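Student: Could we go through this structure together? I would like to know how to describe the way its parts are arranged.

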Amino acid sequence: EQIAELRRGAEIAICTPGRFIDMLAANSGRITNCRRCTFLVLDEADRMFDMGFEPQVHKIMEQIRPDRQICLFTATFSMGMEALARKILNKPLEVIVGTRNKVCDDIKQYLVLLDYDNKFLKLLELLGMYSDAGSILIFVDRQESADELLKDLLTKGYPCMSIHGGRDQYDRDSTLNDFKHGYNNILIATSVAARGLDVKNIILVINYDCPNHGEDYVHRCGRTGRAGKKGTAITFIT
């Protein structure tokens, strides 16, 4: 199906690096090519390089005309990422919205110090305060934790859903669609949902399990307080 669509012609292609290389190599390169491509966008650029996609990105860039324009978008930009970016960019212009590697000022941040045994009770307290006001995103660190917390909240009468890497793509898409359209306003997620998720009415992010890295914290909190709206991020520390 994708090959047929490319053969019919497309002005814009949205893809992962590996899949696009497959398309470039398919049928000895007769499916598509990048000779007319003048504009390349790398979204979530830091994650792309962290996951080892640098060779694939370079391979794609070798096939794009030299007078191309390249844009990199990312919420976090480490020194290592900056060094890699300068390898593929020519005299880049850097545009910083807000402060680099920092949670947006529109998001109120709270740390809650508590015993591990009290985490669930505190979560129920927060859900009682916020669940009628908008959507809530709860982050945990493991797939098993997401499924366990889902069962516990359903038992307490809170309709909710969970999303993590252990679910197939159809289930994840269906869950996100229901969450975006407000059919269910509580979503439990691992960090698979921390990037790229844009839901307008998320008023609260709860880090039920504290993230291990500062960049993950920034991305998680960034699911609320988007496009000028206010938001709240609460992190449990045991």
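Tutor: Let us begin with a term: an axis here is a line fitted to C-alpha atoms, for a helix over the stretch in contact, and angles run from 0 to 180 degrees between N-to-C directions. Please note also that this is a predicted model.

Student: At what angle do the axes of helix H6 and helix H7 cross?

Tutor: The axes of helix H6 (residues 119–130) and helix H7 (residues 143–155) cross at roughly 60° and come within 12 Å. H6 is therefore oblique to H7.

Student: Is that crossing left-handed or right-handed?

Tutor: H6 and H7 make a right-handed crossing.

Student: Which residues make the contact?

Tutor: From H6 there are Phe120, Leu123, Leu124 and Leu127, and from H7 there are Leu149, Asp152 and Leu153. Sorted by class, the contact of H6 with H7 has six nonpolar residues, no polar ones and one charged one.

Student: How close do the axes of H2 and H4 come?

Tutor: The axes of helix H2 (residues 17–25) and helix H4 (residues 54–61) come within 9 Å, with a crossing angle of roughly 40°. H2 and H4 are therefore oblique to each other. The crossing in which H2 passes H4 is left-handed.

Student: And which residues of H2 and H4 meet there?

Tutor: On the H2 side they are Pro17, Phe20 and Ile21, and these meet Gln56, Val57, Lys59 and Ile60 of H4. The residues of this contact of H2 with H4 comprise five nonpolar, one polar and one charged.

Student: Stepping back, how many helices and strands are in the chain?

Tutor: The chain has nine helices and eight strands. Its C-alpha atoms fill a box of roughly 60 × 40 × 30 Å along the principal axes.

Student: What share of the residues count as buried?

Tutor: Of the 238 residues in the chain, 40% count as buried. The chain exposes about 14,400 Å², and carbon and sulfur atoms supply 50% of that area.

Student: Where does Arg35 lie, then?

Tutor: Arg35 lies in the loop between H2 and strand E1 (39–43). Leaving aside residues up to four places away in sequence, Arg35 touches Gln63 and Arg65.

Student: Why does Arg35 count as exposed?

Tutor: Arg35 counts as exposed because its relative accessibility is 62%, and the cut-off for exposed is over 50%.

Student: Now for Thr224: buried or exposed?

Tutor: Thr224 is buried, with a relative accessible area of 1%. Thr224 is in the loop between helix H9 (214–221) and strand E8 (231–237). Not counting residues up to four places away in sequence, Thr224 touches several residues, among them Ile107, Ile202, Leu204 and Lys230.

Student: One more topic: what is phi of Lys91?

Tutor: Phi of Lys91 is near 50°, a positive value in a residue other than glycine. Lys91 is placed in the loop between helix H5 (79–88) and strand E3 (107–113). With a relative accessible area of 78%, Lys91 is exposed.

Student: And what is phi of Glu44?

Tutor: Phi of Glu44 is near 50°, again a positive value in a residue other than glycine. Glu44 is found in the loop between E1 and helix H3 (45–50).

Conventions: Residues are numbered from 1 along each chain as its sequence is written. This is a predicted model: local features need pLDDT of at least 70, side-chain atom pairs count only at pLDDT 80 or more; totals for chains, interfaces and linings use all residues. Side-chain values use heavy atoms; hydrogens and water are left out. Helices (H or I, at least four residues) and strands (E, at least two) are DSSP runs, numbered from the N terminus. Angles under 35 degrees count as roughly parallel, over 145 as roughly antiparallel, 65 to 115 as roughly perpendicular and the rest as oblique. A crossing is left-handed if the near helix is turned anticlockwise from the far one by less than a right angle, and right-handed if clockwise. Contact means heavy atoms within 4.5 Å. Ala, Val, Leu, Ile, Met, Phe, Trp, Tyr, Cys and Pro count as nonpolar, Asp, Glu, Lys and Arg as charged, and the others, Gly among them, as polar. Buried means under 20% relative accessible area, exposed over 50%, partly exposed in between (1.4 Å probe, protein chains only). Accessible areas come from the Shrake-Rupley method with a 1.4 Å probe; for residues, only the protein chains shown count as cover.
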